[in-house]
Amino acid sequence: DTLIVALLKKGNASNVIYELQQEDNGLTGDGFTISVKQFKISENKKISFDTSGAVAYLDADKIIFPLRLRKWQRGDYFCPFGMNLKRKKLSDYFVDEKISISGKQHIWLLLSGEEICWVAGKRSDERYKVTAQTKEVLKLTYTESR
């Protein structure tokens, strides 16, 4: 019922991998910028969280540096925030979120070690969420620059 016309880039951009070191305060890549802030949580200070997918708050103690940023690959999965550690294939997540075939080619994944901790600009992973035991938070903000 629908015809989607999209401009695809030449070359194999799916092999591009960016790295974020612990001391980095941001990263600019092909069509995006990610800013990074790390802060401690004090016991009597209230924090308000941005609930959009464009911002991720991760428990810094659970992160393995360097963080890697890459495109999705067949077989990738994560545990979407709010789903109580239930694993979900990224391909199923993209269908549920109504992300087109060409659209998913532009989505970046942030990896801690070999685990996806954030579908950049969309949703973070439950395994890295901020809890009452969290002492330090890694705040990442994704901005498209197309």
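Two strands count as paired when DSSP finds at least two bridges between them. Keep that in mind as you open this predicted model and start with its sheet.

Now show strand 5 together with strand 8; four bridges join them in the antiparallel sense. Pick Lys 71 and look across to strand 8, where its bridge partner is Trp 108.

**Stop three: the largest nonpolar core.** Next, select Leu 58, Leu 110 and Leu 140, which touch the most other members of this 21-residue core. Several strands supply at least two residues each, among them strand 3 (32-40), strand 4 (55-59) and strand 11 (136-144). Centre on Leu 110 and display its contacts: beyond its neighbours within four places in sequence, they include Leu 20, Leu 58, Leu 67, Trp 118 and Leu 140.

**Stop four: a second core.** A separate core of 11 residues comes next, including Phe 78, Ile 107, Leu 111 and Val 119.

**Last stop: Ser 124.** Finish in strand 10 (residues 123-124), where Ser 124 lies. Is Ser 124 buried or exposed? Its relative accessible area is 14%, so Ser 124 is buried, the cut-off being under 20%. Show what surrounds it: leaving out residues up to four places away in sequence, Ser 124 touches Ala 56, Leu 58, Phe 78, Cys 79, Pro 80, Phe 81, Cys 117 and Trp 118.

Conventions:
Residues are numbered from 1 along each chain as its sequence is written. This is a predicted model: local features need pLDDT of at least 70, side-chain atom pairs count only at pLDDT 80 or more; totals for chains, interfaces and linings use all residues. Side-chain values use heavy atoms; hydrogens and water are left out. Buried means under 20% relative accessible area, exposed over 50%, partly exposed in between (1.4 Å probe, protein chains only). Contact means heavy atoms within 4.5 Å. A nonpolar core is a set of buried Ala, Val, Leu, Ile, Met, Phe, Trp, Tyr and Cys residues joined through side-chain atoms within 4.5 Å.
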